[in-house]
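I opened my notebook to get to know this structure, beginning with the core and then the helix packing. Here is what I looked at.

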Amino acid sequence: MSRVLILYGIAEGLSTYGVATDVIQAGTLDPALYVYDGIIVAASIHAGRYQKAVEQWVRAHTHEFGARPTAFVSVCLAVLQKSDPKVRAELAAIVTGFETTTGWQPPMVKQVAGALLYTRYNIFKQWIMKRIVAKAGGDTDVSRDYDYTDWADVRAFADEFRRLLAAAAA
Ligand SMILES: Cc1cc2nc3c(=O)[nH]c(=O)nc-3n(C[C@H](O)[C@H](O)[C@H](O)COP(=O)(O)O)c2cc1C
C-alpha cells in the first residue's frame, strides 16, 4: 500500500499562525483544490523513489496548482549524509525524477530526514533497514525508534510558507 508521511509538525506550525490545514493521505480523498490558498505535498523515499500515490496525485493535479504557494517536502534518511557529494547527487536525481514524472517543478523543496521506526516495521523490513543503516554507520538498535527530523527547521519552513501565503493574499 502506498503511503505518504504526514508531517503533522508542519500542520501544527501553520495552525499556530492561524492557518487552517487539512492533512490528506494520497490515494484516499481527492479534495477540490479551489478551496485552498496553498498546497504542500510531502512524500518519503523508499528504495530510491517516492510513493506512487503521491506522484499520481501530483501528475493529475499540477495543472490546477496555479499561482498559489506550493512546496514539496521530501523525506529520506539520505539527507543525514548530504555532506557526501555522491549522496547529494543521488538525492538531486530522485527529486529531478519526481519533477519529470509529475510535470511539477515545486518552487520550494524542503528536505527532511524523517525517522527509523524499527518497532513498527515487520521483521523483514527491520532486517533490511538494519543492514542498510549499519552500512551507513547509523543507529541499529531495533528495539527502539529514532527520529532524525530537525523539527526547528521544519517549523522555520512552515513559517516561511505562511509568509508566502500572506504575501499572496496581500
Ligand atoms: C522500506 C524503507 C526503504 C527506505 N529507502 C530509503 C532510500 O532508498 N533512501 C533514503 O534516503 N531513505 C530510505 N528510507 C528512509 C525513509 O525515507 C525514512 O525512514 C522516512 O522517515 C520514512 O517515512 P515513512 O515510513 O512515513 O514513509 C527507507 C525507509 C524504509 C522503511
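**Entry 1: the core.** I looked up the largest nonpolar core and found that it has 22 residues; I40, V41, V54, V73 and V75 have the most contacts inside it. A nonpolar core here is a set of buried Ala, Val, Leu, Ile, Met, Phe, Trp, Tyr and Cys residues joined through C-beta atoms within 7 Å. The elements giving two or more residues to this core are α1 (8-16), β1 (39-46), α2 (52-61), β3 (70-75) and α5 (151-169). β1 gives the largest share, five residues. Helices (H or I, at least four residues) and strands (E, at least two) are DSSP runs, numbered from the N terminus.

A note on the source: this is a predicted model, in which local features need pLDDT of at least 70 and side-chain atom pairs count only at pLDDT 80 or more, while totals for chains, interfaces and linings use all residues. Residues are numbered from 1 along each chain as its sequence is written.

Entry 2: What does V41 touch, not counting residues up to four places away in sequence? I found V54, V58 and F72; contact means C-beta atoms, placed from the backbone, within 7 Å.

Next I picked V75, which lies in strand β3. V75 has 22 other C-beta atoms within 10 Å, so I noted it as buried (20 or more is buried, 12 or fewer exposed, in between partly exposed, with C-beta atoms placed from the backbone). I also saw that V75 and Q111, 36 residues apart in sequence, are 6.0 Å apart in space, C-alpha to C-alpha.

**Entry 3: α1 and α5.** These helices pack at an angle of about 50°, with their axes 9 Å apart. Axes are lines fitted to C-alpha atoms, for helices over the stretch in contact, and angles run from 0 to 180 degrees between N-to-C directions. α1 and α5 are therefore oblique to each other (under 35 degrees is roughly parallel, over 145 roughly antiparallel, 65 to 115 roughly perpendicular, and the rest oblique). On the α1 side I listed G9, I10, G13 and L14, which meet W151, V154, R155, A158, D159, F161 and R162 in α5.

**Entry 4: α2 and α3.** Which residues in α2 meet α3? I found E55, V58 and R59, meeting F98, T101 and T102 in α3. Helix α3 covers residues 85-102, and its angle with α2 is about 45°, with the axes 8 Å apart. α2 and α3 are therefore also oblique to each other.

How values were computed: Contact = placed C-beta atoms within 7 Å.
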